[in-house]
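Have the sequence and the 3D view open, and turn the model as you read.

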Amino acid sequence: MKLLEDRILADGEVIGGKILKVSNFLNHQIDVAFLDELALEWKHRFEGVKITKILTIESSGIAIGASLARVFGVPLVFAKKHQTSNVNEDVYSAKVFSFTHDQYYNVVVSKKYISKGDCVLLADDFLANGNALKGLIEICKSAGAALCGAACAIEKGFQNGGDELRKAGLKVESLAIIDKMDSNGIEFRKEV
Ligand code: 5GP
């Protein structure tokens, strides 16, 4: 999506060839009107899919999740990060490896908010190795909920999460896919 690609080129900062910082519109300061425009594009891409919940992980997925929830007219649920693996029976939980913090953490979702009969659209700001989405998928499976797909703003196509999840049959819609990035610039995949 050209709108997002142009914004990444204008405001993104590549750190050490592996991390893209987009703190001035997505990860620290949030351009809510801009995210609402992205959400309209996802609305179009998931046209006709009977989504009942948006599911993301705190904290960086929440803003995108809120814009998606608004356009689809459904609740947003976010998985909470939990320090210990000592979780109780009122929650679904999954262990997730954090790409940015290089460590494992648990995420939990109350059993009250995802259930059998839900059709869940997963959401996140970035898709890299796919561990965050895999954790959310595990939670949906534990709940017996159906997966409608995944909406990610920025996919780093040089990491394998997106391709792996698509091969497994998930409809993954990333609005910008980066095939290469370094100090010389950013290359996007065509026709995204
Ligand atoms: P994955 O679980 O797919 O490996 O990584 C996705 C998660 O890591 C996202 O929730 C996002 O918060 C974080 N992440 C991965 N790569 C980047 C990046 O290049 N920049 C930022 N800001 N976050 C990233």
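How many residues of the shell around the ligand are nonpolar, how many polar and how many charged? Keep in mind that this is a predicted model. In this shell, seven residues are nonpolar, six are polar and four are charged.

Now look at who these neighbours are. There are 17 residues around the ligand, and those that come nearest are Leu20, Asp124, Ala128, Asn129 and Gly130. Three elements each supply at least two residues of the shell: the strand β2 (19-21), the strand β7 (119-127) and the helix α5 (131-143). Of the shell, β7 provides the largest share, with four residues.

Next, let's follow some polar atoms. A polar backbone atom of Leu20 is 2.8 Å from a nitrogen atom of the ligand. Asn27 takes part through its side chain, where a polar atom lies 3.1 Å from a ligand nitrogen. How much of the ligand does the protein bury? Taken alone, the ligand exposes 500 Å², and the protein buries 89% of that.

Let's step back from the ligand to the space around it. Rolling a probe the size of a water molecule over the atoms shows where empty space is left. Here, the space taken by the ligand is the largest pocket. This pocket holds about 630 Å³ of space. It is lined by 31 residues, and Ser60, Phe99, Thr100, Asp125 and Phe126 are the closest to its centre. The elements that give two or more residues to this lining are β2, α2 (23-27), β5 (91-98), β7 and α5. By class, the lining divides into 13 nonpolar, eleven polar and seven charged residues.

Finally, let's turn to the backbone. Most residues other than glycine have a negative phi, and most peptide bonds are trans. Where does this model depart from that pattern? The peptide bond from Glu58 to Ser59 is cis, with omega near -5°. You can find Ser59 in the loop between β3 (53-57) and α4 (62-72). Then there is Asp102, which is not a glycine and yet has a positive phi of about 55°. Look for Asp102 in the loop between β5 and β6 (103-110).

Note on methods. Residues are numbered from 1 along each chain as its sequence is written. This is a predicted model: local features need pLDDT of at least 70, side-chain atom pairs count only at pLDDT 80 or more; totals for chains, interfaces and linings use all residues. Side-chain values use heavy atoms; hydrogens and water are left out. A residue is near a molecule or strand if one of its heavy atoms lies within 4 Å of it. A polar contact is a pair of N or O atoms within 3.5 Å; within protein, one must be able to donate a hydrogen and the other to accept it, and residues adjacent in sequence count only if both atoms are side-chain atoms. Accessible areas come from the Shrake-Rupley method with a 1.4 Å probe; for residues, only the protein chains shown count as cover. On a 1 Å grid over the protein atoms alone, a cavity is a set of points where a 1.4 Å probe fits but cannot get out, and a pocket is an open set with protein on both sides within 12 Å along at least five of seven lines; lining residues have an atom within 4 Å of a point. A molecule sits in a cavity or pocket if more than half of its atoms lie within 2 Å of its grid points. Ala, Val, Leu, Ile, Met, Phe, Trp, Tyr, Cys and Pro count as nonpolar, Asp, Glu, Lys and Arg as charged, and the others, Gly among them, as polar. Grid points are joined across faces, edges and corners, and a volume is the space filled by probe spheres set on the points.
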